[in-house]
Amino acid sequence: MIRRSDFPKNFCFGTATASYQIEGAADEDGRGPSIWDVFSHMPGKTFNDETGDIACDHYHRYKEDVQIMKDIGLDAYRFSISWPRVMPDGKSINQKGIDFYNRLVDELLEAGITPFVTLYHWDLPYALHEKGGWLNPDIAMYFRAYATFMFDELGDRVKHWITLNEPWCSSFLGYFMGEHAPGHQNLQEALITTHNLLRAHGYAVQSFREEVKDGEVGLTNVVMKIEPGDSRPESFFVASLVDKIVNAWFHDPVIFGSYPEEVVKTYSEKGLQVPLDDFSIISNPIDFFGVNYYTRTLVVYDENDPLGFSYAQGDLPKTDMGWEIYPQGLFDMLVNLKERYRLPLYITENGIAGPDKVENGRVSDTYRIEYLEKHFEKVLEAIEAGVDVRGYFIWSLMDNFEWAHGYSKRFGIVYIDYNTQKRILKDSAMWLKEFLRS
Ligand code: FCB
């Protein structure tokens, strides 16, 4: 059985959340609307038209939530700042908003929990969206100003920063597939927004070096293990291309200062413009990559698709999200990232949604314990194979608003009863507590 003491001494275990998914208090204390407030209020965009208006009411219950983390014995907590809470119009300061994050950080430090702050986890101020949002190149300067303000406010106490969470989702799910806010469906727009997200990231890193001398900053990407879904050589070829489209496209510019050539060629052949400026900003050196890993993705050659591939179903056991459970993919991707980029890594998200129910005051999520244990083992194997992995954050501390799926997917190690806002530690939380003591 795996034990905490098998991991390096400074390795940290934490949980992760994001502002719009947990905070609620959408109209309180001067918070402005984000693209997710507007999107989730449009009929048909989320499961049962659910919104983050109340969510887990964490804005009012953060003390209880910090206490829960302390009781479990967690070392660290990754949360995100709601940009429209601290800057309702994207640029003017809302003191009450910043006060909340100051209180939260102090509460965490008091409890002996190290804060890891993400600046952008998808809730763009709607006022900036009206100016063109991520399509507007000026967004990078707005983001820089916001980041600088946050570094100034919290940088004395927060030493671990993540600029963006999963730019692939912001750009591709938000501007190409239309599943996330703002719900556009235009591949050209996804390429422009990717580039502006990466520019924003680079400017924030530049500012970080000036503002926080004794901290570390990185970028979190969703890391997908892409595999061919059948044995045709064409499927192997597209699997390698898709790996570059979803993974290297978001890592290479930040480290090497360029997009993968093969993908630039593929897009250009389709008549798409790939923005190619500001790479010196984008590749400002960072301290680590954040890895969000959930599953593998199978692709097969498809001559009818404009990019030549379609997704295939695998036959491994699946989670409530329909995602295959594939711990080996985490090991493989950690090794790949190490070999290609040679940077320290944190697993900033990993976890599983399942059909959790309270029975006699208890939630028996044995499947989640198994999932976590298997993934912990793979992290340990990667460390033993020489990968510099420094921490692991479970998605998520508590059940929350799972974007387009509303409240139908439960990822937490803590159960939320949305009628009463009661928090109930699931069996996985109890197991984690024991593990952290071991
Ligand atoms: C990730 C997101 C996170 C959560 C998990 C399940 O892509 O970063 O907010 O939705 O998936």
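Angles between axes that are under 35 degrees count as roughly parallel, those over 145 as roughly antiparallel, those from 65 to 115 as roughly perpendicular, and the rest as oblique. Keep that scale in mind for the first stop of this tour through a predicted model, in which local features need pLDDT of at least 70 and side-chain atom pairs count only at pLDDT 80 or more, while totals for chains, interfaces and linings use all residues. Residues are numbered from 1 along each chain as its sequence is written, and side-chain values use heavy atoms, with hydrogens and water left out.

**First stop: helices H8 and H9**

Select residues 167–175, which form helix H8, together with residues 187–211, which form helix H9; helices (H or I, at least four residues) and strands (E, at least two) are DSSP runs, numbered from the N terminus. Two packed helices are described by the angle between their axes and the distance between the axes. Here the axes come within 8 Å and cross at roughly 155°, the axes being lines fitted to C-alpha atoms, for helices over the stretch in contact, with angles that run from 0 to 180 degrees between N-to-C directions. H8 and H9 are therefore roughly antiparallel to each other.

From H8 come Pro167, Ser170, Ser171, Phe172 and Tyr175, and they meet Leu187, Glu189, Ala190, Leu191, Thr193, Thr194 and Leu197 in H9.

**Second stop: phenylalanine 172**

Stay in helix H8 and centre the view on phenylalanine 172, which counts as buried at 4% relative accessibility; buried means under 20% relative accessible area, exposed over 50%, and partly exposed in between (1.4 Å probe, protein chains only). Which residues is phenylalanine 172 in contact with, leaving aside its neighbours within four places in sequence? They are Pro167, Met177, Gly178, Leu187, Ala190, Leu191, Thr194, Phe250 and Tyr267.

Most residues other than glycine have a negative phi, and most peptide bonds are trans. Follow the chain into the loop between H8 and H9, where proline 182 is found, and look at the peptide bond from alanine 181 to proline 182, which is cis, with omega near 5°. Another cis peptide bond joins tryptophan 395 and serine 396, with omega about 15°, and serine 396 has its place in the loop between strand S11 (389–395) and strand S12 (414–417).

Select alanine 25, in the loop between helix H1 (19–22) and helix H2 (35–40); although alanine 25 is not a glycine, it has a positive phi of about 45°, and at 7% relative accessibility it counts as buried. Then move to glutamine 421, in the loop between S12 and strand S13 (422–425), where phi is positive at about 65° although the residue is not a glycine.

In helix H2, select aspartate 37, which is buried with a relative accessible area of 9% and touches Tyr20, Ala26 and Arg31, not counting residues up to four places away in sequence. Finish at arginine 78 in strand S2 (residues 76–80). Is arginine 78 buried or exposed? Arginine 78 is buried, with a relative accessible area of 0%, and its side chain makes a polar contact with the side chain of glutamate 349 at 3.0 Å. A polar contact is a pair of N or O atoms within 3.5 Å; within protein, one must be able to donate a hydrogen and the other to accept it, and residues adjacent in sequence count only if both atoms are side-chain atoms.

Notes:
Contact = heavy atoms within 4.5 Å.
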